[in-house]
Amino acid sequence: MTTHQYLILQTAAGFCGIAWNEIGITRFQLPTKSADSTEKLLQRRLPEAEPGTPPAEVLEAVDAVKRYFAGEEVDFSKVKLDLEGQDDFFKQIYAAARRIGWGHTTTYGAIAKELGAGPEAARDVGQAMAKNPVALIIPCHRVLAAGGKIGGFSAPGGSTSKTRMLELEGVRLAPPEPAQQSLGF
């Protein structure tokens, strides 16, 4: 049986949780306001996990998470994950999402198209993002609904959290300023 351990950490955005096994990181909990609520959310998904001391690779990810929420550009694409138990198509979707860099976004439909699936697969992409076990490390917040709309976000705070994370990366989702100035009457 694979042993899972976890750590609750404080960031500029609140308390996050990270869980790992001997293969890689298995879960990441986006920030909540308290260590206790973060721990409860993490344990709900990994009830067998125990608090532990992270190995060097996990400590590097912890440091990157803290830097991310402090507003520093961070690339999580090399963080070693264990996605065992995930559907094969979801793994392909997650791999595509990991290629979306800091400050960039794409849509559910664009990922489906990139993977050679039809437009109906955009829903599958949405489902994969909703079930993402390592949000932020697999940057599901960078995947938007059609037309650049925010779409859903299953993390604490919902779409407000998604918007804040994108704003942290310099992504503005508000409508652009009008090109023509108002005449003021």
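Patches are made of residues with over 30% relative accessible area and no salt bridge, with like charges joined within 9 Å. In this predicted model, Asp87, Asp88, Glu120 and Asp124 form a negative surface patch.

Take Glu120 from that group. Glu120 sits in the loop between helix H4 (108-114) and helix H5 (122-130). Its relative accessible area is 60%, so Glu120 is exposed.

Leu136 lies in the loop between H5 and strand E6 (143-144). Its phi is near 85 degrees. That is a positive value in a residue other than glycine. Leu136 counts as buried, at 1% relative accessibility.

Now the cysteines. A disulfide is a covalent bond between the sulfur atoms of two cysteines. The cut-off used here is a pair of cysteine sulfur atoms within 2.5 Å. By this rule the model has 0 disulfides. Cys16 is in no disulfide, and its nearest cysteine sulfur, that of Cys140, is 13 Å away. Seen from Cys140, the closest cysteine sulfur is in Cys16, and 13 Å is too far for a bond. Cys16 is buried, with a relative accessible area of 0%. Cys140 also counts as buried, at 5% relative accessibility.

The accessibility values are set out here.

| Residue | Relative accessible area | Class |
|---|---|---|
| Cys16 | 0% | buried |
| Glu120 | 60% | exposed |
| Leu136 | 1% | buried |
| Cys140 | 5% | buried |

Technical notes
Residues are numbered from 1 along each chain as its sequence is written. This is a predicted model: local features need pLDDT of at least 70, side-chain atom pairs count only at pLDDT 80 or more; totals for chains, interfaces and linings use all residues. Side-chain values use heavy atoms; hydrogens and water are left out. Patches are made of residues with over 30% relative accessible area and no salt bridge: like charges are joined within 9 Å, nonpolar side chains (Val, Leu, Ile, Met, Phe, Trp, Tyr) within 5 Å. Accessible areas come from the Shrake-Rupley method with a 1.4 Å probe; for residues, only the protein chains shown count as cover. A salt bridge is a side-chain nitrogen of Lys or Arg within 4 Å of a carboxyl oxygen of Asp or Glu. Lys and Arg count as positive and Asp and Glu as negative; His and the chain ends are not counted. The place of a charge is taken as NZ of Lys, CZ of Arg, CG of Asp or CD of Glu. Helices (H or I, at least four residues) and strands (E, at least two) are DSSP runs, numbered from the N terminus. Buried means under 20% relative accessible area, exposed over 50%, partly exposed in between (1.4 Å probe, protein chains only).
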